Amino acid sequence: MKRTALVIGAGPAGLTAAWELEKAKIPTLVLEASDQPGGISKTVKAGNFRFDLGGHRFFTKVTKVKVLWAEMLNPEEILIRPRKSRILYRGKFFDYPLKPINALFGLGIFETFRSIFSYVWVRIKPPKDQSNFEGWVAARFGWRLYNIFFKTYTEKVWGVPASSIGSDWAAQRIKSLSLSKAILNAFYKSKSEVITTLIDSFHYPKFGPGQLWESAATKLEGNGIRISYNSSVDSARLINGEYEIRINSGKVATADSVFSSLPLANIAKILDPDGLDKGLHSVCQELKHRDFLTVALVFDCEAIFDDNWIYVHEKTVTVGRVQNFASWSPFLVEPGTSCLGLEYFVNQGDRLWSLPDEELVQYALKEAQTIGVAKGNLREGHVVRVPNAYPVYDSNYKENVSFIQKWLTDNHPNWFQIGRSGQHRYNNQDHSMMTAVEAVLSLSGEQTCSYWDVNVDDEYHEESKNSTGRSAPTFG
């Protein structure tokens, strides 16, 4: 019997799955709930301006991902961009990665010595509890630097005390970076060890990351892969080895294999719509996400800073990060203008999420003025809300994910959850792509590892010293 496949979601994971399925000559239908490809890696077009949902650096040590990017988009369309980012704290800017002289003059000699002593102290007496973000980071930077450069921003991202956030998130995003390594990197860059947090240049499509995924979608359709936009999945049933997938349009699609980047928490209502498995529904309800919205402000003059982005550690404003899209690519804006993306970490239904777009634009403008990054007259503003942007790493998430994973293995071995939301893991773009690659390879038994293990195998870690690795566009 000839295999058929259905892909849910046209983001990095979904389109990569479709790309590999097309190579395998497996007829495939892609369902995408929105009206464009890319997922959270899409680029939004507003008139003559383009902006991203967060910043997406294209950097990877995974050869397969490099090959895929080159296949999906003409390499001539990909720029090499300098990386510059800073932290705004108490009205002062601090270079990130850390530069000792900048930190010394920014914090002052007295605070600098207190921070050094604090770091030395945690080396002698580390925090007893390093199972949460607070203890994990303090053990590697000292309590003073943790409070200055990590606590405020992290609590903006998650909306809860840092002590209630699992250390897995820190271990995944920061990994082997510590104060000593940051200082060493400022004076000496190792050729054998690359820490993604510290890279000083990256690749970036000329017209934003969405350009790559739009190109991939166009090529897929040209090769016979069907992509149905504005098509969300209501439910799926396995009948005689084949899935019947009901779509919001009322249509029914069928396939014997499904590659889904839907949030893992949605598995219960999709695959058990009648609520028969109470345990599954209970576990799915415990998986949480943090939502995100960005307000793009277009000004009639160039920005006053050339950073790609700025982390805002000021408690006086709620904005968490400010993107300067002209510094990502000059082709995203009109000459002589600027487009700043003010990013807010929210929950669906809260005050900011619920504000009308016009009020959000004025709110963001006021905050941009408060922190001193607004310049010139505001020409226009745009708001984009992103649900389920950040899988929450709470104390129970591992057990909940493992439960669902086993349930799928036992009951739906041909249903593959891929990507960031699909696996409830804070994946970068290249990780999401590799989960799809390995999932497709598993159909023929040619995978190099379980597609669930791509994110945790040592060979995929950002600081890996071999030729493969986990690094990519950071989002958070």
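Rings of Phe, Tyr and Trp, the last taken by its six-membered ring, pair if their centres lie within 6.5 Å. The views below come from a predicted model.

**View 1. Ring pairs link aromatic residues into a cluster.** The cluster contains Tyr 153, Trp 158, Phe 202, Tyr 204, Phe 292, Trp 309, Tyr 311, Trp 328, Phe 345, Tyr 390 and Tyr 426. Across the whole structure, a search finds 27 aromatic pairs.

**View 2. Trp 158 and Tyr 426 form an aromatic pair.** The ring centres are 6.3 Å apart and the planes stand at 65°, so the pair is edge-to-face. Trp 158 belongs to helix α7 (residues 151-158) and Tyr 426 to the loop between α17 and α18, so the pair ties together parts 268 residues apart in sequence. Trp 158 and Tyr 426 are buried. The charged end of Arg 420 sits over the ring of Tyr 426, 4.4 Å from its centre.

**View 3. Tyr 243 and Trp 415 link distant parts of the chain.** With ring centres 5.3 Å apart and planes at 65°, the pair is edge-to-face. Tyr 243 lies in strand β11 (residues 242-247) and Trp 415 in strand β19 (residues 415-417), 172 residues apart. Both residues are buried.

**View 4. The largest pocket holds about 930 Å³ of space.** Of its 42 lining residues, Glu 32, Gly 39, Ile 40, Ser 261 and Ser 421 are the closest to the centre. Strand β18 (378-391) gives the most to the lining, with six residues. Elements that each supply at least two lining residues include α1 (12-23) and α18 (429-441). By class, the lining has 18 nonpolar, 19 polar and five charged residues.

Note on methods: Residues are numbered from 1 along each chain as its sequence is written. This is a predicted model: local features need pLDDT of at least 70, side-chain atom pairs count only at pLDDT 80 or more; totals for chains, interfaces and linings use all residues. Side-chain values use heavy atoms; hydrogens and water are left out. On a 1 Å grid over the protein atoms alone, a cavity is a set of points where a 1.4 Å probe fits but cannot get out, and a pocket is an open set with protein on both sides within 12 Å along at least five of seven lines; lining residues have an atom within 4 Å of a point. Grid points are joined across faces, edges and corners, and a volume is the space filled by probe spheres set on the points. Helices (H or I, at least four residues) and strands (E, at least two) are DSSP runs, numbered from the N terminus. Ala, Val, Leu, Ile, Met, Phe, Trp, Tyr, Cys and Pro count as nonpolar, Asp, Glu, Lys and Arg as charged, and the others, Gly among them, as polar. Rings of Phe, Tyr and Trp (its six-membered ring) pair if their centres lie within 6.5 Å; planes under 30 degrees apart count as stacked, over 60 as edge-to-face and the rest as tilted. Buried means under 20% relative accessible area, exposed over 50%, partly exposed in between (1.4 Å probe, protein chains only). A charge sits over a ring if NZ of Lys or CZ of Arg is within 6 Å of the ring centre and within 35 degrees of the ring normal.
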